[in-house]
Amino acid sequence: MNQWSNFSKGFFKENAVFTLLLGMCPTLGVTSSASNGLGMGLATTFVLVMSNLVISLIKNLIPDKVRIPAFIVVIATFVTVVQMAMEAYVPALFESLGLFIPLIVVNCIVLGRAESFASKNNPISSIIDGLGMGLGFAMALTILGSVRELLGSGKMFGVSIYPEDYGMLVFVLAPGAFIALGYLIAFINRVKKTA
Amino acid sequence: MEFVLLMISAIFVNNIVLSQFLGICPFLGVSKKISTGVGMTGAVTFVMVIATVVTYILQKYVLDKFGVGYLQTISFILVIAALVQLVEIILKKVSPPLYQALGVFLPLITTNCAILGVAIMTIQKDYDLVHAVVFSASTALGFGLALITFAGIREQLDLMDVPKGMKGTPIALIVAGLLAMAFMGFSGIV
């Protein structure tokens, strides 16, 4: 497989959120605004790229039986790095993402890529795969965040598009997350069928 | 009274799935039938309470004591992963019928973010041990309530005439959204 398709599959064909339905907790939990979604997506991308790289480098050193715990340690290390870096440099984002940052550790996408890709491929492909998957995830979160923010409070990335009084508050709250994602997936399935 | 309020808050008002968005994967994944939903709830309750107690002790007597709080994420997830394995082994030996009922769900629980989420929340909210146990048990019950209700609706949904494009995941998500809306009605009780 060439590197371009390694990179691009994460955006559409194997998009983690829209087609594989992985990593749903952060997808629904942090997307009350577009910038939160983007921040979460980029944090996950960093963890994904770094853990893919390290795991593909040490894959021959890990005995097969303990590979899952070993992967989890690597992932948890990078999550801790992200957590501390975000607390220091972007405290506002850290505050609004809250509990979901340590929970990147149990995001099925990260462990899934480690197990199904990085443990079988060379470091360069693994980095590209992690980057593609991570940015695809960030894209999905940003789209969902924008839709919810626009419908809920009439803004996009904090910039007012129409007066907030006309917004449907429910889209910023919990039920709106499920409903918006449901319609987005239906829409994407439709586009895929015609494409 | 305080404990009753804590329980109502954890089960209904701040429902772990429908208002905190934790444990969505099993919520969407194993909710096709009521019976599997019940099994999953049992396994989650069991592991959640044990994991919360163990991580609580770890935090208070190891991490805080030696001032290595930054190891929280990494140590908690390892403890939970080991614990799930341990529970599986013990259950297999001590109570085969219970293992039969919960066995298939146990490996899935390591990556259930609700478990790690509740463990971290307990520390953040600064509960003592008794509160932690009540909180984790009622959170697990809240998870079960949402899961089983959702499974019941999905069983009915199979028989419905859903528009073609909405079949499967999209309609399930919209139903979950309506369920979350219903749960919002509980806010303000506590």
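This is a predicted model: local features need pLDDT of at least 70, side-chain atom pairs count only at pLDDT 80 or more; totals for chains, interfaces and linings use all residues.
Residues are numbered from 1 along each chain as its sequence is written, chains are lettered from A in the order written, and side-chain values use heavy atoms, with hydrogens and water left out.

**View 1. The interface of chain A and chain B.** Here 35 residues of chain A are in contact with 34 residues of chain B (heavy atoms within 4.5 Å). The two chains bury about 2,900 Å² between them, 86% of it on carbon and sulfur atoms. Buried area is the accessible area (1.4 Å probe) lost on putting two parts together, summed over both. A:Leu99, A:Val106 and A:Phe178 supply 23% of the area that chain A buries against chain B, more than any other three residues.

**View 2. The side of chain A that touches chain B.** Helix 2 (24-29), helix 4 (67-89), helix 6 (108-118) and helix 8 (174-194) of chain A each supply at least two residues. Helices are DSSP runs (H or I, at least four residues), numbered from the N terminus. Helix 8 of chain A gives the largest share, 11 residues. By class, this side has 29 nonpolar, six polar and no charged residues. Nonpolar covers Ala, Val, Leu, Ile, Met, Phe, Trp, Tyr, Cys and Pro; charged covers Asp, Glu, Lys and Arg; the others, Gly among them, are polar.

**View 3. A salt bridge within chain A.** The whole structure holds five salt bridges over all chains. In one, the side chains of A:Lys9 and A:Asp129 meet at 2.7 Å, N to O. A:Lys9 lies in the loop between helix 1 (3-8) and helix 2 of chain A, and A:Asp129 in helix 7 (residues 123-153), 120 residues apart.

**View 4. The end of helix 3 of chain B.** Just after this helix, B:Gly67 takes a positive phi of about 65°.

Definitions and conventions. A salt bridge is a side-chain nitrogen of Lys or Arg within 4 Å of a carboxyl oxygen of Asp or Glu.
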